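Dear colleague,

Please find the structure below, handed over for your own work.

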Amino acid sequence: MQPKTTYLKDYTVPDYLIAQCDLEFELNEDFTRVKSFLKMHRNPASTSATQELILDGEMMELESVMLNQKKLQPNEYEISSESLMILNVPSEFNLEIVTRIKPQENKALSGLYKSSGNFCTQCEAHGFRRITYFLDRPDVMTKFTTKITADEKRYPVLLSNGNPIEKGKNNGKHWVKWEDPFKKPSYLFALVAGDLECVEDFFITQSGRRITLQIYVEKGNRDQCDHAMQSVKEAMRWDETHFGREYDLDIYMIVAVSDFNMGAMENKGLNIFNTKYILATPESATDNDFIYVSSVIAHEYFHNWSGNRVTCRDWFQLSLKEGLTIFRDQSFTADTTSKTVARINDVISLRNAQFPEDAGPLSHPVQPSSYIEINNFYTATVYNKGAEVIRMMKTILGDDLFRKGMDLYFSHNDGHAVTIEEFVKAMEDASKIDLTQFRLWYSQSGTPFVDVTDEYDAANKKYKLMVKQNYLPNQKSFHIPVKIGLLDSTGAEIKIKNNLLNLKNATETFEFENIASRPIPSLLRHFSAPVKLRYNYSDESLQLLFKHDSDGFNRWEAGQRYATNCLFRMMEEFKKGKSLQVPNGFIETFQHVLRTQQNDKLLLTRLLILPNEKYLCEQMDVIDVDAVRSVREFLLKEIAEKLEGDFTAVFKENNQDTIECRQLKNLALFYLLKLKKHIPLAEKQFNESLNINMTNTIAALNALIEIDGDERDKALAAFYQKWKDDALVVDKWFTLQASSFSLEKMMQLMKHPAFDLKNPNKVYALIAPFCRSNLINFHAINGSGYQFLTNIVLQLNDFNPQIAARMVTPLTEWKRYDEKRQALMREQLEIILQKKNLSKDVYELVTKSLGEKIYV
């Protein structure tokens with residue numbers, strides 16, 4: 001039987017609401033008893049006449065149910081595998097439900113489960129229904145109290161949402177009662193019980209309130225929380241300064257756990273994090289890890305307003321909280337690091353993950369219209385493209401009106417579950433700008449192409465840009481904000497009246513007067529819209545933009561376009577069997593940038609990195625992984641040989657202990673290691689940094705990983721020996737090898753005692769990089785990589801369908817490859833589809849990919 005599809009068009013308000021939910025948990029070693037006391041009433045907004053109450057629930061045992069203090073008999077309710085239906089309920093009533101669950105057997109990590117001996121929860125999207133029977137939907141917002149009782153020695157720490165109001169002890173057990181004064185949906189419920197260490201600090205809000213800050217970690221990790229705590233404070237201050245949002249409880253808690261399907265979860269007042277995004281010291285974490293920790297902490301904290309105080313009415317509105325909060329955390333990261341480099345990183349992520357999603361069988365709008373399994377829609381489209389849509393709104397409105405719209409959105413909708421429409425309407429009301437056409441970004445899928453041609457009238461000093469947008473059949477024109485600039489032949493900026501073009505029609509012409517000479521257009525500055533731009537730039541124009549564009553993002557973009565064009569011309573020669581030659585001027589341009597841009601080392605590092613293999617593959621009609629790998633490696637080696645002296649100087653001159661110097665120095669090391677004579681440089685850096693700086697250690701090991709010899713093997717062994725007791729660092733060890741080594745080596749690593757298929761971090765560290773980054777070995781022409789992934793997906797499907805669905809994605813891109821690989825990948829998808837008890841998570845993605853059942 002095919003799983004049921006849920007449609008946005010079928011949304012109806014809940015027939016009943018829950019005014020108050022009082023929970024009691026008795027945590028035992030073999031089972032947990034949950035008592036819920038619900039104060040309920042009929043929803044006045046419902047037009048249904050039903051007297052049946054249907055509560056969501058699965059994977060639990062019902063012990064008893066009482067309606068208005070009367071115990072119900074089996075003939076007064078019905079239980080299915082997914083619900084509890086109570087017959088003939090009055091318009092107002094109290095319900096008491098007692099259930100029994102087994103968290104220690106919960107390997108799906110959804111609901112209440114145990115991680116490293118500690119109890120914790122993950123309730124988004126449908127995890128709460130694994131704890132007790134409930135109206136488990138985001139538009140049912142309820143006030144909660146939670147009483148937790150457990151063995152005091154085993155579980156001295158008992159946490160839940162809100163503020164602690166009571167506690168006590170009884171016969172070797174202790175209990176704590178928590179109260180959350182704010183209404184919330186069940187997906188924001190959280191509980192943690194364990195033997196944890198706590199790092200405590202405080203924050204004074206803009207109104208003078210003192211907030212207690214607590215980070216709980218497994219024993220032995222307390223000394224790795226300083227950066228996380230500082231990041232919390234920075235995020236709290238930033239949200240006050242930039243959005244006027246002050247924290248609302250007396251205590252803000254974070255708990256870091258080892259087994260977690262996601263990065264983190266914004267449960268009200270009690271955020272639960274994957275340890276990966278909390279623990280960080282210079283010895284054990286890279287500079288990028290520190291940035292990720294700050295970003296994820298900011299993201300979850302910002303959810304307190306954009307997700308908790310104002311939440312989504314239904315899961316089709318998921319981007320209302322996630323797209324908005326991604327935009328907010330990206331803005332925070334840009335303000336606290338480098339605006340240009342942060343924007344470059346955002347766009348790289350978008351192009352590597354979301355653009356392929358938009359172009360493939362799993363394409364869906366930012367606001368989907370249907371789903372089988374909502375967990376499949378925690379996607380780059382909903383998150384990252386959703387953030388781009390918010391960014392475009394800010395570009396169109398301007399900073400002041402956008403902030404006014406945000407204030408209006410929060411004030412009008414505080415304490416409510418709302419829709420994307422309410423957000424867009426707040427922006428319209430604040431700005432008086434009609435966003436009717438702009439709303440199409442939420443309902444239309446696919447990545448639009450923007451084609452640009454130009455004309456220059458020298459006699460009248462007029463310059464024209466003819467712009468055309470191309471989108472999918474049966475779609476309407478988008479409202480696309482295009483930021484531009486014009487440069488003269490020396491690279492100087494030409495002053496123009498309007499730097500923002502609002503493209504609303506299928507084709508439009510924009511004229512610029514008093515342009516003394518034919519300009520070079522700098523188009524889509526700061527990546528002002530998530531589109532694919534096509535303009536016939538010459539190599540000379542791209543060289544000039546790469547060297548001189550005042551917009552840092554477009555300077556990087558010009559370099560990427562220039563390198564991509566050169567690589568594809570070389571690939572044509574490669575396919576013809578001809579010897580490869582680097583196009584004239586490429587090395588010289590690269591050298592010019594290297595020698596003249598060192599005033600911004602973070603940006604320079606980005607400018608000197610060639611487009612990655614994934615991006616290059618996505619530009620091809622039929623992906624040729626062999627050509628991409630061969631030609632890109634050839635060009636890297638040519639750059640290294642021709643600029644060896646420059647890179648050697650950069651490596652020696654950047655010894656300061658700063659992020660900027662480390663980034664540039666380690667890029668130089670990467671190029672130098674394309675020449676084997678520089679292996680001693682990497683060995684020396686590895687040995688000197690192994691105990692003091694993970695950024696330099698990983699950079700050296702990453703440079704050595706391509707060397708097939710004793711130097712690589714000795715470094716890998718030394719790294720593991722040093723860090724074998726640190727699970728997060730061992731994950732880095734797995735990832736480095738998975739990204740480069742053969743399938744045979746992968747199979748050996750799967751048997752390593754540090755690998756555990758039941759731990760999501762280990763799956764993300766070993767399986768994911770092999771299938772998504774190690775293109776040559778995963779796409780081996782004999783299909784062995786596809787068989788390997790199928791086996792992994794089928795194993796994961798049996799205990800953690802969410803992770804299984806995330807792993808299957810590389811196979812769903814089968815139509816992008818040559819006929820032989822297509823057949824091999826399709827064969828594996830069909831094998832997956834034949835599995836008995838296939839989860840709806842995996843079923844939905846596989847059927848969409850095969851085209852057997854398409855959901856729009």
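I begin with the largest cavity, to whose lining β31 (520–523), α9 (539–548) and α10 (552–575) each supply at least two residues. Helices here are DSSP runs of H or I with at least four residues, strands are runs of E with at least two, and both are numbered from the N terminus. The greatest contribution to this lining comes from α10, with 5 residues. The volume of the largest cavity is about 90 Å³. Of its 13 lining residues, those closest to the centre are L523, Y537, N554, E557 and R561. Sorted by class, the lining holds 8 nonpolar, 2 polar and 3 charged residues. Nonpolar covers Ala, Val, Leu, Ile, Met, Phe, Trp, Tyr, Cys and Pro; charged covers Asp, Glu, Lys and Arg; the others, Gly among them, are polar. The count of cavities of 30 Å³ or more comes to 7. A cavity is a set of points, on a 1 Å grid over the protein atoms alone, where a 1.4 Å probe fits but cannot get out, and lining residues have an atom within 4 Å of a point. Grid points are joined across faces, edges and corners, and a volume is the space filled by probe spheres set on the points.

The basis of these values is as follows. This is a predicted model, in which local features need pLDDT of at least 70 and side-chain atom pairs count only at pLDDT 80 or more, while totals for chains, interfaces and linings use all residues. Residues are numbered from 1 along each chain as its sequence is written, and side-chain values use heavy atoms, with hydrogens and water left out.

Turning to helix packing, α1 (residues 226–243) and α6 (residues 399–413) pack at an angle of about 110°, and their axes are 10 Å apart. The axes are lines fitted to C-alpha atoms, for helices over the stretch in contact, and angles run from 0 to 180 degrees between N-to-C directions. The two helices, α1 and α6, are therefore roughly perpendicular (65 to 115 degrees). On the α1 side the contact (heavy atoms within 4.5 Å) involves T241, H242 and F243, which meet F402, R403, M406 and D407 of α6. The residues of this contact divide into 3 nonpolar, 2 polar and 2 charged.

Helix α18 (residues 694–704) is largely enclosed by the rest of the structure, because 10 of its 11 residues are buried (under 20% relative accessible area, with a 1.4 Å probe and protein chains only). Among the buried residues are M694, I698 and L704. The buried residues of α18 pack against α2 (287–302), α16 (659–672), α17 (679–689), α19 (710–723) and α20 (727–738).

E638, in helix α14 (residues 625–642), also counts as buried, at 16% relative accessibility. Leaving aside residues up to four places away in sequence, E638 touches V582 and I587.

The peptide bond from E124 to A125 is cis, with omega near 0°, and A125 lies in the loop between β11 (118–122) and β12 (142–151). Q69, although not a glycine, has a positive phi of about 70°; Q69 sits in the loop between β5 (61–67) and β6 (70–71) and is exposed at 77% relative accessible area (exposed is over 50%). F527, likewise not a glycine, has a positive phi near 50°. F527 is placed in the loop between β31 and β32 (532–534) and is buried, with a relative accessible area of 0%.

With kind regards

Methods: Parallel < 35°, antiparallel > 145°, perpendicular 65-115°, else oblique. 1 Å grid on protein atoms, 1.4 Å probe; cavity = no way out; pocket = protein on both sides within 12 Å on 5 of 7 lines; lining within 4 Å.
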